[in-house]
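Trainee: I am new to this structure. Please pick one part, look at it closely, and then lead me on from there.

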Amino acid sequence: MNMKANPTWISVCHIDEIPMLGSRVVEHPSGNIAVFRTANDTVFALLDHCPHKGGPLSQGIVHGESVTCPLHNWNIDLKTGQARAPDQGCARRFPSKLEEGQVFLSF
């Protein structure tokens, strides 16, 4: 994981713009980013591309701190982007944070 020492944070939306246990897509030159909201309002961001066959993770089901890809039911850890065993692979993760209701990402 490559995290910058002093990341630049960009506001992408308000937490209320992301459905509970759902996601919102943010367009980015390196590919769409899926921003997820858990039941306790934690936010995570992954490249909207399953490591298995490229399925849109933003259309998956969020449960706990995982998302299930809608194509082949791979479970992806939202904290790390890692596929859960027995599957293997990793979705690119983007640092995210929530401050006063605003969702920020670092690219």
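Mentor: Start at the hairpin of strand 2 and strand 3. It has six residues between the strands, and G31 takes a positive phi near 130° there. Strands here are DSSP runs of E, at least two residues long, numbered from the N terminus. Two of them pair if DSSP finds at least two bridges between them.

A word on the ground rules. This is a predicted model, so local features need pLDDT of at least 70, side-chain atom pairs count only at pLDDT 80 or more, and totals for chains, interfaces and linings use all residues. Residues are numbered from 1 along each chain as its sequence is written, and side-chain values use heavy atoms, with hydrogens and water left out.

Strand 2 pairs with strand 3 (residues 33-37) in the antiparallel sense, over five bridges. In general, strands of a sheet pair through backbone hydrogen bonds, parallel or antiparallel.

Now step back along the chain. L21 sits in the loop between strand 1 (9-14) and strand 2 (22-26). Its phi is positive, about 60°, although L21 is not a glycine. L21 is partly exposed, with a relative accessible area of 39%. The scale is simple: buried is under 20% relative accessible area, exposed is over 50%, and partly exposed is in between, with a 1.4 Å probe and protein chains only.

E100 also has a positive phi, about 50°, although it is not a glycine. E100 lies in the loop between strand 9 (96-99) and strand 10 (102-106). That hairpin has two residues between the strands. E100 is exposed, at 83% relative accessibility. Strand 9 and strand 10 run antiparallel and are joined by four bridges. One of the residues to check is S96, whose bridge partner in strand 10 is L105.

Stay in strand 10 for F104. F104 is buried, at 17% relative accessibility. K97 lies over the face of F104, 5.8 Å from the ring centre. That call needs NZ of Lys or CZ of Arg within 6 Å of the ring centre and within 35 degrees of the ring normal. Leave aside neighbours within four places in sequence, and F104 is in contact with W9, I10, S11, P95, S96, K97 and E99. Contact means heavy atoms within 4.5 Å.

Next, the aromatic rings. A search of the whole structure finds one aromatic pair. F94 and F107 form it: edge-to-face, 6.2 Å centre to centre, with 70° between the planes. Rings of Phe, Tyr and Trp (its six-membered ring) pair if their centres lie within 6.5 Å; planes under 30 degrees apart are stacked, over 60 edge-to-face, and the rest tilted. F94 is buried at 2% relative accessibility. F107 is partly exposed at 27%.

Three strands form an open sheet in the order 5-6-7, with antiparallel pairing. Strand 5 (61-63) and strand 7 (75-77) stand at the edges; each has a single partner strand, so one side of each is left without a neighbour in the sheet. Neighbouring strands of this sheet are turned by 30° against each other on average, direction ignored. Axes are lines fitted to C-alpha atoms, and angles run from 0 to 180 degrees between N-to-C directions. Three bridges join strand 6 (residues 66-68) to strand 7. T68 has N75 as its bridge partner in strand 7.

D77 belongs to strand 7 as well. D77 is buried, at 14% relative accessibility. A polar atom of its side chain lies 3.1 Å from the backbone nitrogen of T80. Not counting residues up to four places away in sequence, D77 touches L46, E65, S66, Q82 and R84.

P86 is in the loop between strand 7 and strand 8 (93-94). A cis peptide bond joins A85 and P86, with omega about 10°. And how far is A85 from F104 in space? They are 30 Å apart, C-alpha to C-alpha, and 19 residues apart in sequence.

Terms used
A polar contact is a pair of N or O atoms within 3.5 Å; within protein, one must be able to donate a hydrogen and the other to accept it, and residues adjacent in sequence count only if both atoms are side-chain atoms.
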